[in-house]
Structure formats: C-alpha cells, structure tokens
Amino acid sequence: MSAAERLRGVREGPRAEAAILVVFVVGVLASVVHWAGLILAGALLGLVAVSTGRAFVLGVYFGAFVLVAYGVVLAWYGTLGAVTTAFPLSLGLLAVSVVLPTAAATIVRFGTRLDTEG
Amino acid sequence: MRPTRQRLLAVLLAAVLVGSLVVASGPIALVAPFSGDAWALADEANPDSAGSQLSRAATGPTTVESPYGEATVRYDDRGVPHVEAENDRALAYAVGYVQARDRLFQLDLQRRLMRGELAEAFGPGQVESDRFHRQMDFAAAANASWEAIEDEETRAGVEAYADGVNRYMDDRPLPVEFQVAGYEPDRWTPQDTLLVGKLVSWGLTGSFADIEEATVRERVDGSGELYPDRLDHDTPIVRNGTAVTDSQASVARPAPEKADFGAIHDAVAPYEPERGIGSNSWVVSGSMTEDGTPVVANDPHLQLTVPPTWYEMHLQSPETSVRGVAFPGLPVVVIGATDEVAWGFTNVGADVLDTYTYEWADEETYRYEGETRTVESRTETIAVSGGENRTVEVQKTVHGPLLEREGQRVAVAWLGLTGTREAEAVYDLNHADSVDDVREALRRFDLPTQNIVAADRDGETLFRITGQYPIRTVDNETVAGDRVFDGSAGHGEWAGFEPYGVSDFDGPGFAAFEEYPEVRNAPYVATANQRTTDDPPFYIARSTRYADGYRGERIYQRLDERAASGEPMNRSFHTDLQGDTYSKAAEAFLPHLTGAREEMTPEQRAAVDDLEAWDRRMDADSEAALVFRLWLDAYRNATWGPQFRANGLDESYFPADRTLETLPAESRWFDDPRTRETETRADIAARALNRTLERIDRAGYETYGDYNRLDLNHPFPLSFLDYEERAMDGSPDTVFNFRSDRSTQVGASFRMVVDGDGGVGSLPGGQSGNPLSPHYDDRLDTWAAGDTDPLPFEQRGPVIIRFEGEQ
C-alpha cells in the first residue's frame with residue numbers, strides 16, 4: 001500500500017476520529033514540554049484531516065482544547081485569574097495557542113492533497 | 001489548482017511559517033501555554049491552592065539543600081515568610097532564597113541603579129542615571145563598607161544571604177520581568193547587599209541643598225532671608241521650651257556665599273531624595289497605656305513602589321527572634337521588634353553631604369593646601385541596550401567624587417562614600433533584648449542619620465538620633481556645613497573621613513556619640529522629620545533639610561490631648577493617629593484666604609465660606625480639601641514663581657511652606673515684579689484662588705479624591721504589573737501621609753504599632769513580586785483604608801520550603 005493510500009485510509013477510514021483524538025492528546029503532552037508541540041499537533045491534524053477546511057477547524061479546536069487544559073492546570077494552582085488578566089501577555093497566550101496549530105494544520109493539509117482528490 | 005503546484009505553495013507557506021516562528025520565537029516562548037516563560041512560576045505562586053496543597057501532601061514541601069544547616073519557611077495568609085532555622089547562617093541563607101523567590105527583579109533593579117548598569121538592560125534612556133551613579137562610585141563605597149565590617153557573625157550572615165539568593169537563581173526560573181527584558185541577573189554578592197544599604201542611605205541623606213541654596217542666593221536678590229536657620233514653629237522633636245532664635249550657638253554661621261551651581265544642580269537633582277520624604281514615629285511610655293507596656297509606632301514615608309519598598313518577614317533561630325520589615329536585599333529586619341524590644345525610624349534630614357570647589361592649575365590638577373594634586377581618573381564604558389555604548393570619566397579628588405557639568409566642578413563628600421557599619425548595627429538590633437542593647441548597637445549605625453524610637457518589655461523607652469555627624473572647621477573654627485567649601489584651602493573637611501576607605505568615626509572629625517540628643521523614659525516623644533531640638537549640641541542641619549513641622553505639631557497635639565484626658569493610649573488610639581487626616585497646614589494657611597475676601601468675586605467668597613466651614617481633614621470625598629490642596633499649590637506658585645522662575649529656578653527651589661506661611665502680609669515677596677501694582681498677600685491669595693477654581697473646572701474635579709489618586713506603576717511598562725488606581729485620603733502635611741503629585745508617589749511605605757499584645761502593620765501592596773501570586777497586591781486595600789493586619793509574633797502557615805543541611 002502506498003503512502004498516499006495509507007493517508008487516505010487514515011483520513012477517510014473508520015479510525016479517523018480516533019486518530020484525531022490521539023493527536024489531541026499527544027499534542028497537549030508535547031505542548032507541555034515545548035511550544036513547538038503546538039506546531040507538531042497542528043501538523044499531525046493536517047495529516048489526518050479530511051480536507052483543508054476541516055484541518056483549519058481542527059486546528060482551532062486543538063487551540064481551544066489546549067487553552068482549556070491549561071486553564072484547568074492554572075485553576076488547580078490558583079493562578080487562572082492572574083494569568084487571564086495579565087494583559088497583553090494573556091492575549092499572546094490566546095493567540096499562540098490558537099494560531100500556531102491552526103496555521104500548521106491548514107498548511108500541512110493544503111500541501112498533502114492527494115492526487116485522487118478533486 | 002494542480003497538486004504539484006499546491007504542494008509548492010504549501011512549502012512556501014510552511015517556509016513563511018517557519019521564518020515567522022524563528023523571528024517570533026522569543027515572544028512565543030514567553031507566552032505559550034504550559035511552557036511559556038511568563039507562566040513559569042505559576043505553580044508556586046499560590047501555596048494555598050488545591051494543587052499546591054495536594055502536591056505538598058503527596059511529596060512534602062519543596063526541599064533545598066543548604067550548606068549552613070536546616071531551616072523551614074512557612075508562608076502565612078498574607079504571604080509573609082516565617083523562617084525558622086537551626087542557626088543564624090542557615091537563617092540568612094533561607095532569607096536570601098525567599099527574598100529572591102518573592103523579589104528577585106527588585107533586588108537586581110536596585111543593584112543596577114546603584115552600579116550604573118541600568119542602560120545595559122533598559123536602554124539609552126538610563127544613560128544619564130548610570131553616568132551619575134558611576135561618577136559617585138557607590139559600588140566602591142559598598143566595597144569599603146564590606147571592608148569595614150569586622151563582626152564575623154554579620155559577615156557570615158551577609159555571605160550566607162548572598163548564597164541563598166544565588167541558590168534560588170540556580171534552582172528556579174527567573175521572574176517574568178527578566179523574561180520580558182531578555183537578560184539574566186549576575187550573581188548576588190555580599191557587596192550587593194551593602195549596596196542596597198547605600199541606596200537606602202542615599203535616598204534619605206543624599207541632598208545637594210548647599211549648591212541649591214548657593215544658586216538661589218546668587219540668582220534671586222535677598223533670598224537668603226527665605227532660608228532661616230530654623231523654621232518658625234515651636235514643636236521640635238525634643239520639646240524643651242526654648243524659643244526660636246536666629247542662630248545655633250555651637251557653630252559659627254556666617255552667611256553662605258552666593259555662587260551659581262545651577263548646571264550641576266540641575267544634573268544631580270533627579271538623583272537627590274525628593275523633598276518631603278519623611279516619616280512619623282512615636283514612643284509612648286507604659287505609664288500612658290492600659291497594660292503598662294510602652295508602645296512604638298512608626299510609618300516611614302518613602303517612595304511607593306511596585307512591589308513595595310519593604311519586605312515583611314519573621315525570623316527565628318536559637319539566637320534570633322525578630323519580625324518586621326527589611327529592604328529587599330538585606331537579611332535583617334530594619335524596622336520591627338524582637339521578643340523584648342521594638343524600634344522604628346524616621347529621617348533626621350541631617351547635613352551629611354558637603355561640596356568643595358578648587359583652584360585649578362589645569363584640567364587635571366588642582367591646588368590643595370599649598371600643593372598641586374592630580375585628579376584620580378578612570379574611564380568606564382556604559383553598555384547600552386539598543387544603542388551605542390557610552391563612556392564616562394570617573395574622577396576623584398581628596399574629598400571624594402568630582403562632578404562636572406557645563407564647566408562647573410565640585411567634589412562631593414557624602415558620609416555613605418566611606419566604609420560604614422550599619423550592617424553590624426542592624427544585625428545587633430535584631431538580637432537586642434533591651435533598650436540598652438539598642439543604644440549600644442547604634443554606636444556602629446554610621447548611616448543613615450535617623451531618629452530612632454525604641455521601647456522594651458521592661459518599660460524602658462528611648463529616643464535618639466543615629467548616624468555620624470561631621471564636624472567642619474575653617475581656620476580652626478567649627479562651622480556649619482550649609483555652604484560650598486573652598487577645597488583648595490582645606491576648608492570644611494571632616495577629619496578622619498576616608499572616601500572609599502575606612503574612616504575614623506571616633507576622632508575629632510565627628511560628633512561624639514555621648515553628645516547626641518537623647519531622651520530616655522519620657523511619657524512620649526514624637527518624630528515627624530521636624531528639627532530635632534532647638535539647641536542641638538552640634539550642627540545637624542539647617543531648616544531647609546527639616547520638614548515644615550505640620551505633622552509633628554499634629555501628632556504632639558493628639559498625644560497631648562490624650563494625655564490630658566487621662567484615657568489610656570491604647571492600640572486603637574495609635575492606629576487612629578496614623579490615619580489622622582487633619583491638616584495643620586490648612587489651619588495655618590486658611591487665614592491667608594479668609595483675610596483676602598475683599599479682593600474676591602462672589603464665587604470666590606462662596607468657596608472661602610466652604611473652606612471656613614470645612615473640618616480641615618484631607619479626605620478623598622471632601623470638596624473643600626480639593627480646593628485647599630490646589631489653592632496651596634497655586635499660592636506657592638503665585639508667590640515664588642515670578643521671581644524664581646524668571647531666574648531659571650523651578651518649584652524644586654521654592655522655600656519651605658512654613659516660610660510662606662510666616663511671611664508678613666506686606667512682604668515684598670508677594671509683589672509680582674511683572675505688574676505695575678504692588679501686590680500683597682491678599683492679592684496673591686485671591687489670585688491663586690481664582691486660578692484654582694478655573695483649574696478645578698477645567699479638570700472636572702469634584703472631590704479631593706478625583707485629584708488625590710493612588711497610581712502606582714511597576715518600573716516595567718506592562719500594565720498588568722501596576723496596582724489598581726484609587727482615590728486617597730491624606731496629603732503631604734497630614735499624619736496620614738500621601739503625596740500624589742510626584743513622578744513616584746510617596747506615602748506610608750509601612751505602618752507599624754507594637755504594644756504589649758504584639759503588634760499590627762500594613763504594607764502598600766503585597767509581599768510578592770510575582771504578579772501571579774494572590775499576595776501581589778492583596779494588602780493594598782487595607783493599607784489605603786488606613787487599616788492594619790496583625791504582625792507575626794508566632795510561626796504561621798504551612799511549611800512551603802524545607803532547607804536540609806548538606807551531608
């Protein structure tokens with residue numbers, strides 16, 4: 001089976017949603033270690049997304065997911081309010097969380113269009 | 001689009017993304033979720049959070065190896081550290097660690113300021129500050145103080161403290177300010193701790209009043225009468241009933257000579273202590289209190305900063321039990337109490353800085369006592385972030401650093417430029433068991449010159465002044481230090497003073513310790529930076545360096561009334577007095593306005609009627625307080641402005657308010673030389689009121705709180721680091737002290753009352769410099785309202801950090 005066929009299998013096969021879920025989990029864990037994890041997660045979402053539009057949406061979802069996960073951690077340590085009001089750094093946090101995975105997902109999906117796609 | 005072309009476009013977009021990430025990697029690394037440097041301290045910011053509590057329950061407190069022995073750090077519900085250690089060195093090490101944890105950026109900022117290294121981190125705007133601080137060579141003075149410390153315990157404590165600061169820097173991420181500024185602090189050294197001491201002392205005593213007054217005398221005819229030896233009030237700290245006289249007997253006081261040092265003064269003025277920096281303190285005998293225990297109250301009025309100037313802490317070891325506040329960078333409590341004795345400070349305002357001029361043989365050589373001497377000179381480079389590096393000539397004469405601006409040159413002798421031993425003295429204060437121990441410790445309290453009040457559990461009380469007081473001579477005659485001296489003739493030197501060396505404070509160049517004004521076991525003594533006594537045994541200062549006396553009058557009035565009433569002076573009386581907003585200045589100045597009714601319009605008369613009905617309290621919700629405060633500004637400007645500003649002298653050169661208050665109604669100083677009429681006090685008072693009402697209209701102010709606002713900003717330009725703005729009570733001349741009209745506002749930087757039941761205090765902000773901490777600003781509301789929290793007299797809160805002795 002060629003790489004393109006395998007990729008199509010992931011994108012359109014029965015395990016597509018599971019793959020996305022795995023990417024979300026792996027992506028968050030990678031983001032805890034380094035911000036490049038956001039790019040990695042975005043890139044993986046681009047690979048598994050069924051379309052460029054879907055990749056964009058998944059990137060946004062992942063950014064929101066990271067923000068919620070981080071918000072839970074901050075709330076756990078009693079600093080969610082302080083981080084939220086640390087403007088403009090909090091705005092940067094919001095932007096980085098959403099823009100990086102979304103851009104990576106969109107570009108990767110755009111660049112991995114399969115020949116058989118219309 | 002064909003797949004191949006689409007892939008090419010995607011590669012291009014990916015390249016753009018990667019390029020953008022490379023360019024923006026710094027900011028991204030700062031703010032990214034989880035790993036962002038700005039949030040690196042989020043997990044330790046709130047020890048009371050569920051996460052922190054569970055983490056401690058599971059794994060215990062944070063453990064840190066200490067080369068000095070075991071210690072624990074508890075943080076209480078206000079973020080105050082309670083440090084308990086097996087010995088004093090382990091204690092100092094733990095203090096260094098926790099101060100770095102809570103205030104590392106502040107520590108580094110203080111050090112950079114005094115070393116002249118601000119531009120290296122913050123850019124070209126700091127070059128002139130760096131130039132001044134390098135020319136003064138405060139860093140060398142701190143080295144001299146390190147050499148002057150002979151007490152082994154003090155040295156060991158300072159060294160252990162520095163090790164603790166460095167240990168924190170090794171162990172933990174840097175605070176957000178370093179991350180944003182993009183630099184790492186140098187290692188902390190024992191000399192840096194002493195440099196913080198120099199910073200504090202400079203902020204209290206580094207006054208160039210001599211060259212300021214010489215300049216005013218030169219430029220404004222007859223202005224000498226505006227700077228009397230003593231301000232005209234009857235409430236010195238030590239009240240002995242002596243009438244105000246024209247001169248002090250102990251020193252010769254020929255009128256200082258005129259000379260224009262405007263260029264130098266304008267250059268150094270930004271680095272002088274702001275006029276009006278002061279404080280309140282009083283000590284009350286046990287005979288005045290319900291339980292028979294004396295009381296010490298203190299609220300030092302220093303710059304209000306973010307984070308606060310002071311750091312509160314409670315320290316315990318087998319040798320030490322002390323609580324109170326320290327300047328960040330110091331391992332000891334500066335104002336506070338041991339289990340047996342409490343003490344507090346206010347500034348004396350003493351004259352401990354002299355300036356000298358020379359006959360110059362050429363650019364590099366000057367005449368000195370019949371010889372020629374070469375100026376010691378070295379060139380230093382000021383590193384400038386985002387700009388070209390600059391050079392500065394650091395020059396010194398026999399008297400001290402040489403300052404030069406626009407062809408004017410003066411050498412500076414400042415008490416702090418020699419090896420001073422206040423570190424030893426404060427270490428001893430932290431171990432004092434009695435007022436006698438306090439007094440003994442003060443023998444080495446070389447600087448700053450302070451009024452100290454102290455009381456112990458045995459009922460002993462003390463007032464005296466601290467520091468060293470130079471004795472100047474000219475042709476073997478003792479003279480006051482209120483002038484620029486002829487350095488070539490050797491005039492006005494302090495015998496035994498060695499700039500940047502170790503001085504002989506026990507010699508004839510300094511007043512003898514036993515001669516200092518001192519009061520033991522008085523019913524009460526109050527200090528508010530007014531003159532110390534009417535008949536000092538040696539020259540301390542001229543009127544310009546003392547406060548106007550309005551706060552001192554009010555405090556003594558309240559103490560006298562309470563004593564006469566027979567009611568005990570309990571804790572609530574003292575905290576209420578610290579919050580007193582009654583203005584003695586308003587009481588003194590309002591007759592100037594009411595006496596000017598004839599010169600006024602109906603609208604102005606209505607305003608004066610309101611002022612007459614006013615209770616003289618500078619409260620935020622008062623309309624009359626607003627009118628009075630702005631009127632006094634306008635009155636001051638309308639009186640002095642025409643003759644001072646016309647000669648290039650701004651309001652920083654204006655005489656004291658007490659001088660304005662006591663000018664006769666027909667004084668020539670009220671006459672505006674720009675008009676043909678001859679103005680009197682009434683004319684100027686009415687004119688000032690007119691301007692005031694116009695200003696209030698223009699600005700849309702309704703009450704005093706619209707003008708008198710607390711606006712404390714972090715030195716770093718990120719708005720979330722600033723404290724919340726709010727309306728404030730108080731004024732420069734009320735006991736509840738607040739000065740809003742400064743680039744850096746001034747007020748009670750700490751309030752403390754210690755009595756038989758322990759003590760209370762308040763801090764303008766919060767303990768922690770970590771903006772993610774709930775203790776970043778949690779005490780601001782209490783402070784602004786004039787309320788207090790209990791001072792820590794027992795260990796409180798969970799153990800957050802445990803220091804383990806190295807095996």
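B:Arg89, B:Ala92, B:Tyr93, B:Val95, B:Gly96, B:Tyr97, B:Gln99, B:Ala100, B:Arg101, B:Leu104 and B:Leu107 of H4(B) are in contact with a set of residues in H8(B): B:Glu153, B:Ala156, B:Gly157, B:Ala160, B:Tyr161, B:Asp163, B:Gly164, B:Val165, B:Arg167, B:Tyr168, B:Met169 and B:Asp171. By class, this contact between H4(B) and H8(B) has 13 nonpolar, 4 polar and 6 charged residues. The model is predicted.

**Helix H4 and helix H8 of chain B**

- Helix H4 of chain B covers residues 88–115 and helix H8 of chain B covers residues 152–171; their axes are 7 Å apart and the packing angle is about 50°.

**Helix H4 and helix H6 of chain B**

- H4(B) also packs against H6(B), at an angle of about 70° and with the axes 6 Å apart.
- Angles of 65 to 115 degrees count as roughly perpendicular, so H4(B) and H6(B) are roughly perpendicular to each other.
- On the H4(B) side the contact residues are B:Arg112, B:Leu113, B:Met114 and B:Arg115, and on the H6(B) side they are B:Ser129, B:Asp130, B:His133 and B:Arg134.
- Sorted by class, the contact of H4(B) with H6(B) has 2 nonpolar, 2 polar and 4 charged residues.

**Salt bridges**

- Over all chains, the structure holds 71 salt bridges.
- One of them joins the side chains of B:Asp102 and B:Arg101, at 3.6 Å from N to O.
- Both B:Asp102 and B:Arg101 are buried.
- Another salt bridge joins the side chains of B:Arg378 and B:Asp137, at 3.0 Å from N to O.
- B:Arg378 lies in strand S13 (residues 376–382) of chain B, while B:Asp137 lies in the loop between helix H6 (127–136) and helix H7 (138–148) of chain B, so this pair ties together parts that are 241 residues apart in sequence.
- B:Arg378 has a relative accessible area of 34% and is partly exposed, whereas B:Asp137 has a relative accessible area of 8% and is buried.
- B:Arg367 and B:Glu359 also form a salt bridge, in which the closest N and O atoms are 4.0 Å apart.
- B:Arg367 is partly exposed, with a relative accessible area of 38%, and B:Glu359 counts as partly exposed at 48% relative accessibility.
- B:Asp76, B:Arg78, B:Glu312, B:Arg779, B:Asp789, B:Glu794 and B:Arg796 are joined into one network by salt bridges that share partners.

- B:Gln395 is part of strand S14 (residues 390–396) of chain B.
- The relative accessible area of B:Gln395 is 9%; the cut-off for buried is under 20%, so B:Gln395 is buried.
- With neighbours within four places in sequence left aside, B:Gln395 is in contact with B:Glu364, B:Val375, B:Glu376, B:Ser377, B:Gly400, B:Pro401, B:Leu402, B:Glu404 and B:Arg409.

**Chain A**

- Chain A has 6 helices and 0 strands, and its pattern along the sequence is α-α-α-α-α-α.
- Along the principal axes, the C-alpha atoms of chain A fill a box of roughly 50 × 25 × 20 Å.
- Of the 118 residues in chain A, 42% are buried.
- Among contacts in chain A between residues at least 6 apart in sequence, 74% link residues at least 24 apart.

Note on methods: Residues are numbered from 1 along each chain as its sequence is written. Chains are lettered from A and ligands numbered from 1 in the order in which they are written. This is a predicted model: local features need pLDDT of at least 70, side-chain atom pairs count only at pLDDT 80 or more; totals for chains, interfaces and linings use all residues. Side-chain values use heavy atoms; hydrogens and water are left out. Axes are lines fitted to C-alpha atoms, for helices over the stretch in contact, and angles run from 0 to 180 degrees between N-to-C directions. Helices (H or I, at least four residues) and strands (E, at least two) are DSSP runs, numbered from the N terminus. Contact means heavy atoms within 4.5 Å. Ala, Val, Leu, Ile, Met, Phe, Trp, Tyr, Cys and Pro count as nonpolar, Asp, Glu, Lys and Arg as charged, and the others, Gly among them, as polar. Buried means under 20% relative accessible area, exposed over 50%, partly exposed in between (1.4 Å probe, protein chains only). Angles under 35 degrees count as roughly parallel, over 145 as roughly antiparallel, 65 to 115 as roughly perpendicular and the rest as oblique.
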